[in-house]
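This report walks through selected parts of one protein chain. Please keep the sequence and the structure in view while reading.

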Amino acid sequence: MNSKWFVIVNPTSGNGISKKLWPKIEKELITQKFNFEVAFTKHKEHSKELVKNALNKNIKKIISVGGDGSLHNIVNGILKSTIKDFKSVKLGVIPIGTGNDWVRNYNIPINYKQAITIIKEEFTYLQDIGKITLLNSNNNYYFHNMAGIGFDGHVVNKVNKYKYLGYLAYLTGALISIIGFKRRYLHIEFNKTIISGKSLMLLIGIGKFSGGGMQLTENVITNDGLFDISYIKNVSIFTVIKNISKIFKGTVTQLPIIKTYKTSTIKIDIINSENIYIQADGELIKTDSFKAIILPKALQFIVPKY
């Protein structure tokens, strides 16, 4: 394997903080004796092209400087590339984003110097990856943390205007959006379970955190080969406000409003796709009926040893 690192910087992450902080990050990488190339993304899909170019040069150690969306696009770049062994790629993260949800699973610090030190040690963890296939187009999308449909996607669609609030952007968007949100008719199948009817939200989790630290999935293990499913049929804004502390503590899944399941594959038919959104790692994808399967221990992520 080429010993060089390829660093991909999303200059818009964290409301532009990554661009401002890059000179200090670059200095720290040099101080810690990284041999690296760097590229800045110019548009949303650019990182996929950058990943492909790096892999073609046999550079298989990649660092994402950005948030959950940046990492999502890099993961998709790897899994949609032509390399045969995805597990040969090592992926590290210097987290600079709005939610920074994936790094919470592994206690990767927001402090860039500490994050770089962790990457330098190259301790890796093979994690599951989710694969979404749209049923009418056969287009594939991959996710490393959380996907959702319904209210969850609706909030992602609205949240950009609140990103200046940092991790509170998602909570603010949720509280504002839940007023007047119309539940959509979904037909959901997994294992021997069928759920059919108007639904508020379905979450398909690999990781534990979403929406800036909210914990809406239960008993999460990121490499057990199973999705952690949370289904909410309906909930009022008063219930959300009353249980905000439980949402962030992870105890909200004990309430009767949330049903939790585990499965390795799930199929969702959207009966009426009007104004319904699918999100994957906080990125909106095209609305369509879809199937999601889990790819067990598919990618190596660099995480702390402890």
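Which residue just after H1 takes a positive phi? Lys-33 does, with a phi of about 65 degrees. The model is a predicted one, and the values below are computed from it.

**Helix H1**

H1 covers residues 13–31, and its 19 residues span only 24 Å between the end C-alpha atoms. A straight helix, at 1.5 Å a residue, would reach 27 Å. The helix bends by about 50 degrees at Trp-22, and Pro-23 is the proline that follows within four residues. Trp-22 is also one of the buried residues of H1, which include Ser-13, Gly-14, Gly-16 and Ser-18 as well as Ile-25, Glu-28 and Leu-29. Strands S1 (5–9), S2 (36–40), S3 (61–66) and S4 (90–95) are packed against by these buried residues, as are helices H3 (68–79) and H5 (112–121).

Five of the five residues of S1 are buried, so the strand is largely enclosed by the rest of the structure. In a regular strand, side chains alternate between the two faces of the sheet. In S1 both faces are covered: one side carries Trp-5, Val-7 and Val-9, the other Phe-6 and Ile-8, and all are buried.

S1 pairs with S2 in the parallel sense and with S3 in the parallel sense as well. In the second, Val-7 stands opposite Ile-63 of S3. Together, S1, H1 and S2 form a right-handed β-α-β unit.

| Strand pair | Sense | Bridges |
|---|---|---|
| S1 and S2 | parallel | five bridges |
| S1 and S3 | parallel | five bridges |
| S7 and S10 | antiparallel | five bridges |

**Helix H2**

The buried residues of H2 (residues 46–56) are His-46, Ser-47, Lys-48, Leu-50, Val-51, Ala-54 and Leu-55. They pack against S1, S2, S3 and H3. After H2 comes Asn-58, with a positive phi near 65 degrees.

**The six-stranded sheet**

An open sheet of six strands, with antiparallel pairing, runs in the order S12-S11-S10-S7-S14-S15. S12 (258–263) and S15 (283–285) stand at its edges with a single partner strand each, so one side of each has no neighbour in the sheet. On average, and with direction ignored, neighbouring strands of this sheet are turned by 20 degrees against each other. Within it, S7 (residues 146–150) pairs with S10 (residues 201–205), and Ile-149 stands opposite Leu-202 in S10.

**Ser-210**

Where is Ser-210 found? It is in the loop between S10 and S11 (227–232). Is Ser-210 buried or exposed? With a relative accessible area of 9%, Ser-210 is buried, because the cut-off for buried is under 20%. Neighbours within four places in sequence aside, Ser-210 is in contact with Asp-101 and Met-146. Ser-210 and Asp-101 are 109 residues apart along the chain, while their C-alpha atoms are separated by 5.5 Å.

Methods:
Residues numbered from 1 in each chain as written. Predicted model: local features only at pLDDT ≥ 70, side-chain atom pairs only at ≥ 80, totals over all residues. Heavy atoms only, no water. Helix = DSSP H or I, 4+ residues; strand = E, 2+ residues; numbered from the N terminus. Expected span 1.5 Å × (residues − 1). Bend = angle between axes of the 7 residues up to and from the residue. Buried < 20%, exposed > 50% of the residue type's maximum accessible area, 1.4 Å probe, protein only. Contact = heavy atoms within 4.5 Å. Pairing = 2+ DSSP bridges. Right-handed = clockwise from strand over helix to strand, strands pointing away. Axes fitted to C-alpha atoms, helices over the stretch in contact; angles between N-to-C directions.
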